[in-house]
Amino acid sequence: MNLTQRRTFLMSIAAAAAGSAALPLRAAAKIKPDAASVLIAVDVQNCFVTGGTLPVAKGEEVVPVINRIAAAFQNIVVTQDWHTAGHASFASSYPGKKPFETTSLKYGTQVLWPDHCVQGSDDAALHKDLKLPTAQLIIRKGFHKDVDSYSAFEEADRKTVTGLAGYLKARGIKTVYVTGLATDFCVAWTAMDARKAGFEVYVVEDACRGIDLNGSVAKAWKDMTAAGVKRIQSADIEA
Ligand SMILES: [Zn+2]
């Protein structure tokens with residue numbers, strides 16, 4: 001090894017050492033939502049918590065987490081699942097069908113649910129402890145009788161839009177932080193559609209809870225990661 005080679009070698013060792021020392025610092029850096037960021041609280045409604053018509057296990061635990069991180073956001077959007085009576089996603093709309101079975105609709109396979117979140121019912125109201133007084137928009141979805149809508153952006157026919165992408169773009173929003181219920185359905189579909197619409201997307205894992213039908217939570221994380229969604233915890237957000 002000549003002198004130049006030796007110097008290069010020593011420099012590369014030094015760089016590697018510096019790199020590994022820098023790693024913990026990088027991991028500890030917090031994310032600060034800016035004026036072009038929005039927090040979306042998906043479907044934190046009575047129907048999806050204990051005592052509701054379609055309860056997600058420990059669904060109510062997302063409420064204090066969302067309330068806490070909300071302070072870091074200048075922009076907040078809330079969604080509500082908002083179905084007609086006799087909705088196409090209800091098992092009760094099909095003779096002989098039971099909740100959690102599937103049926104085939106024009107736009108594809110539909111999971112059938114217990115009747116839930118019927119427009120104007122107490123079951124469809126936002127959780128009473130969700131405190132988001134600075135939220136600027138409530139977007140309701142699933143209100144077309146024949147089409148479900150897990151996503152806050154696009155209905156299950158994958159054609160009808162809710163208008164949320166247009167609203168966010170008109171307001172200059174670039175980054176979306178998704179929280180709420182349920183991880184494997186409305187949160188995942190909302191996050192992936194936000195990616196499709198061109199937003200940078202974070203899902204705050206501890207601000208979500210899942211239903212988990214046949215491993216659907218693990219699959220949702222796999223799909224979200226493949227779509228470029230970033231998985232973070234509420235502690236990663238700088239208040
Ligand atoms: Zn629904």
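Predicted model: local features only at pLDDT ≥ 70, side-chain atom pairs only at ≥ 80, totals over all residues.

Trainee: Which residues coordinate the zinc ion?

Mentor: Asp81 through OD, and His83 and His116 each through NE2, coordinate the zinc ion at 2.0 to 2.1 Å. Along the chain, these donors follow the spacing D-x1-H-x32-H. Asp81 belongs to strand β2 (residues 76-81), while His116 sits in the loop between β4 (108-111) and β5 (137-141), so the pair ties together parts that are 35 residues apart in sequence. Both Asp81 and His116 are buried.

Trainee: Which residues of the largest nonpolar core touch the most other members?

Mentor: As a general idea, nonpolar side chains tend to be buried together in soluble globular proteins. Here the largest nonpolar core has 62 residues, and Ile66, Leu168, Phe199 and Val203 touch the most other members. Among the elements that each supply at least two residues of this core are β1 (37-42), α2 (62-69) and β7 (200-209). Beyond its neighbours within four places in sequence, Ile66 is in contact with residues including Leu39, Leu130 and Ala207. A second, separate core of five residues includes Ala88 and Leu105.

Trainee: Which residues of α5 are buried, and which are exposed on the face turned away?

Mentor: Ser216, Ala220, Trp221 and Met224 are buried. Seen down the axis of α5, the buried residues fall within an arc of 140°, so they line one face of the helix. The face turned away from them carries the exposed residues Ala218, Lys219, Lys222 and Ala226.

Trainee: What do the buried residues of α5 pack against?

Mentor: They pack against α4, β7 and β8 (230-232).

Key. Residues numbered from 1 in each chain as written. Heavy atoms only, no water. Donors = N, O, S within 2.8 Å, 3.2 Å for Na, K, Ca; no water. Helix = DSSP H or I, 4+ residues; strand = E, 2+ residues; numbered from the N terminus. Buried < 20%, exposed > 50% of the residue type's maximum accessible area, 1.4 Å probe, protein only. Core = buried A, V, L, I, M, F, W, Y, C linked by side-chain atoms within 4.5 Å. Contact = heavy atoms within 4.5 Å. Arc of directions from axis to C-beta.
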